[in-house]
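Please consult the sequence and coordinates alongside the text.

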Amino acid sequence: SKMEVFVFEPEGKGPFPRLVQCMHIPVGHTGIENDEFTLKTAKRYQDNGYVVVVPFIFHWWPKSVGIEIKRDEFRDDWTKLDLDASFNLISGMENVDSERIGIFGYCWGGRVSWLSAGTNSKYKACAVFYGGRIKKKMGENNPPAIDLAPNIKCPIIGFFSAMKTRILLLSMSMTIEGFQQTEELSMSIIDTTMPDMLFRVSTFK
């Protein structure tokens with residue numbers, strides 16, 4: 001099916017840095033037009049001089065279909081196609097800086113941004129905000145998203161809330177080829193007074 005893409009462009013000729021924003025759920029699965037958080041976030045970046053595109057990655061199902069079905073049937077190989085199409089769309093715009101493109105997302109979108117950074121080496125930066133299910137396989141014959149870590153070539157930053165009852169912390173080493181996972185620590189109980197968890201990973205050529 002055709003995919004809707006919301007485009008936010010600042011005033012002026014540019015060239016502007018660009019961002020692919022990965023939508024979160026719930027609410028967004030019924031249509032980006034219903035997702036006030038995603039719309040406001042994209043608008044803030046637009047107001048600060050970024051071109052932002054937000055693809056509706058749940059176009060594979062009717063908007064009226066429930067979130068449980070969309071979550072259970074979600075496929076990473078389908079999503080890669082959507083994100084590659086979004087990248088090609090924004091990279092072809094005349095008012096953008098082709099050397100500055102990043103990707104980010106919150107919640108479900110955090111996982112999706114990791115997925116795209118692991119399958120598209122052209123990104124210059126990736127930010128994961130509260131992304132879950134990175135260790136989970138989505139779709140038959142697809143690897144868990146965490147397995148894509150060695151393919152990520154850009155700097156990446158992740159934020160994970162201390163209010164969560166289960167948080168995956170990743171300690172990664174830096175290599176010329178990309179990321180090499182060195183340690184995983186899964187914490188089942190986090191004191192809610194503890195500050196938010198953060199990891200930063202960078203690569204050097």
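In what order do the elements of the protein chain run from the N terminus on?

## Basis and overall fold

This is a predicted model, in which local features need pLDDT of at least 70 and side-chain atom pairs count only at pLDDT 80 or more, while totals for chains, interfaces and linings use all residues. Residues are numbered from 1 along each chain as its sequence is written, and side-chain values use heavy atoms, with hydrogens and water left out.

The elements run β-β-α-β-α-α-β-α-β-β-β-β-β. The chain has 4 helices and 9 strands, taken as DSSP runs numbered from the N terminus (helices: H or I, at least four residues; strands: E, at least two). Of its 205 residues, 48% are buried (under 20% relative accessible area, with exposed over 50% and partly exposed in between; 1.4 Å probe, protein chains only).

## Helix α1

The buried residues of α1 are Thr38, Thr41, Ala42 and Gln46. Seen down the helix axis, they fall within an arc of 140°, so they line one face of α1; the arc is that of the directions from the axis to the C-beta atoms. These residues pack against β1 (5-8), β2 (16-22), β3 (51-55) and β4 (96-106), contact meaning heavy atoms within 4.5 Å.

The face turned away from the buried side carries the exposed residues Glu36 and Asp47. Glycine 49, with a positive phi near 90°, follows α1.

## Nonpolar core

The largest nonpolar core contains 47 residues, of which Phe58, Phe74, Ile90, Trp108 and Trp114 touch the most other members. Such a core is a set of buried Ala, Val, Leu, Ile, Met, Phe, Trp, Tyr and Cys residues joined through side-chain atoms within 4.5 Å. β4 gives the largest share of this core, 5 residues.
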